Amino acid sequence: IVVVGFLAYVATRPDTFRVVRSASIAAPADLVYARLSNFHAWESWSPWEKLDPAMVRDFSGTDGAVGATYGWTGNKEVGKGKMTISDTQPPTKLTIQLDFIEPFAASNVTTFNLAPQGDGTKVTWTMDGNHNFMSKTMCVFMDMDKMVGADFEKGLTSLKSQSETAAAEAKAAAEAAAAA
């Protein structure tokens with residue numbers, strides 16, 4: 001009876017999930033967007049890049065363009081998967097099809113929305129996906145929002161630091177050129 005009750009409970013869990021995190025970045029949207037839309041730049045700010053220094057990466061397509069891909073194969077912490085840019089609206093929106101192959105197969109959509117905020121940019125990172133019965137069962141014991149959300153927060157913090165440094169350097173260079 002307990003097993004049947006548990007399985008019935010799992011069956012009533014939501015079929016979809018959404019993870020959302022935002023950060024305010026004191027840098028122009030085009031500068032931030034360039035870091036997001038170029039998969040080669042992810043190595044410098046993505047929290048998952050640090051989990052396996054020996055990770056094998058494969059890039060194809062034109063950086064920042066629809067169809068550009070980034071595949072990876074790594075240790076058990078990063079697994080194997082592929083990201084494909086599916087929509088671009090520079091510098092306000094980037095949509096990526098995210099396909100995990102190992103250790104669990106899953107297909108999700110990740111979106112970065114960039115909106116003006118004062119002299120900077122508000123970046124909102126969203127991941128939407130579907131739950132099959134197995135992932136519903138796992139989510140009874142693990143909170144997807146907390147688990148993935150913490151990584152989003154780390155990534156946004158790193159993206160913020162790098163973008164703000166680049167913006168300050170660009171401003172200083174422009175001021176030096178104007179003074180010359």
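These questions and answers walk through a predicted model of one protein.

Reader: Which pattern do the helices and strands follow along the sequence?
Author: The protein has 5 helices and 7 strands. Read along the sequence, these elements give the pattern α-β-α-α-β-β-β-β-β-β-α-α.

Reader: What percentage of the residues count as buried?
Author: Buried means under 20% relative accessible area. The protein has 180 residues. Of these, the share that counts as buried is 36%.

Reader: Among contacts between residues at least 6 apart in sequence, what percentage join residues at least 24 apart?
Author: The count starts with contacts in the protein between residues at least 6 apart in sequence. Those joining residues at least 24 apart make up 52%.

Reader: Are α2 and α5 parallel, perpendicular or oblique to each other?
Author: Helix α2 covers residues 29-37, and helix α5 covers residues 144-179. Their axes come within 10 Å and cross at roughly 130°. Angles of 65 to 115 degrees count as roughly perpendicular and those over 145 as roughly antiparallel. The two helices are therefore oblique.

Reader: Is the crossing of α2 and α5 left-handed or right-handed?
Author: The axes of these helices cross at roughly 130°. The hand of the crossing of α2 and α5 is right-handed.

Reader: How many residues in the contact of α2 with α5 are nonpolar, polar and charged?
Author: From α2 come L31, V32, R35 and L36. From α5 come L159, Q162, S163, A166 and A167. The residues of this contact divide into 6 nonpolar, 2 polar and 1 charged.

Reader: Which residues have the most contacts inside the largest nonpolar core?
Author: In soluble globular proteins, nonpolar side chains tend to be buried together. Here the largest nonpolar core has 35 residues. Its largest share, 7 residues, comes from α5. The residues with the most contacts inside the core are L36 and F112.

Reader: Is F112 buried or exposed?
Author: F112 sits in strand β6. The relative accessible area of F112 is 0%. The cut-off for buried is under 20%. F112 is therefore buried.

Reader: How far apart in space are F112 and T95, C-alpha to C-alpha?
Author: Set aside neighbours within four places in sequence, and F112 touches L36, W42, W45, T92, K93, L94, I96, V123, T124 and W125. T95 is 17 residues from F112 in sequence. In space, C-alpha to C-alpha, the two are 6.5 Å apart.

Reader: What separation do the C-alpha atoms of V32 and L159 have?
Author: V32 lies in helix α2. V32 counts as buried, at 0% relative accessibility. Beyond four places in sequence, V32 contacts I25, A27, L114, V123, L159 and S163. V32 and L159 are 127 residues apart along the chain, yet their C-alpha atoms are separated by 7.8 Å.

Reader: What separates the C-alpha atoms of I25 and S163?
Author: I25 is in strand β1, residues 16-25. I25 is buried, with a relative accessible area of 2%. Leaving aside neighbours within four places, I25 meets V32, G120, T121, V123, L159, K160, S163 and E164. I25 and S163 are 138 residues apart along the chain, and their C-alpha separation is 7.4 Å.

Reader: Is R21 buried or exposed?
Author: R21 is another residue of strand β1. Apart from neighbours within four places in sequence, R21 contacts V123, T124, W125, D145, K146, G149, F152, E153 and L156. Its relative accessibility is 16%, and buried means under 20%. R21 therefore counts as buried.

Reader: Which residues does S37 contact, leaving aside neighbours within four places in sequence?
Author: S37 lies in helix α2. S37 is buried, with a relative accessible area of 8%. With neighbours within four places set aside, its contacts are D63, G64, I85 and L94.

Reader: Is the peptide bond from P90 to P91 cis or trans?
Author: P91 is in the loop between β4 (80-89) and β5 (93-102). Omega for the bond from P90 to P91 is near -10°. That peptide bond is cis.

Reader: What is omega for the peptide bond from E102 to P103?
Author: P103 lies in the loop between β5 and β6 (106-117). The peptide bond from E102 to P103 is cis, with omega near 5°.

Methods
Residues numbered from 1 in each chain as written. Predicted model: local features only at pLDDT ≥ 70, side-chain atom pairs only at ≥ 80, totals over all residues. Heavy atoms only, no water. Axes fitted to C-alpha atoms, helices over the stretch in contact; angles between N-to-C directions. Helix = DSSP H or I, 4+ residues; strand = E, 2+ residues; numbered from the N terminus. Parallel < 35°, antiparallel > 145°, perpendicular 65-115°, else oblique. Left-handed = near helix turned anticlockwise from the far one by under 90°. Contact = heavy atoms within 4.5 Å. Nonpolar A, V, L, I, M, F, W, Y, C, P; charged D, E, K, R; others polar. Buried < 20%, exposed > 50% of the residue type's maximum accessible area, 1.4 Å probe, protein only. Core = buried A, V, L, I, M, F, W, Y, C linked by side-chain atoms within 4.5 Å.
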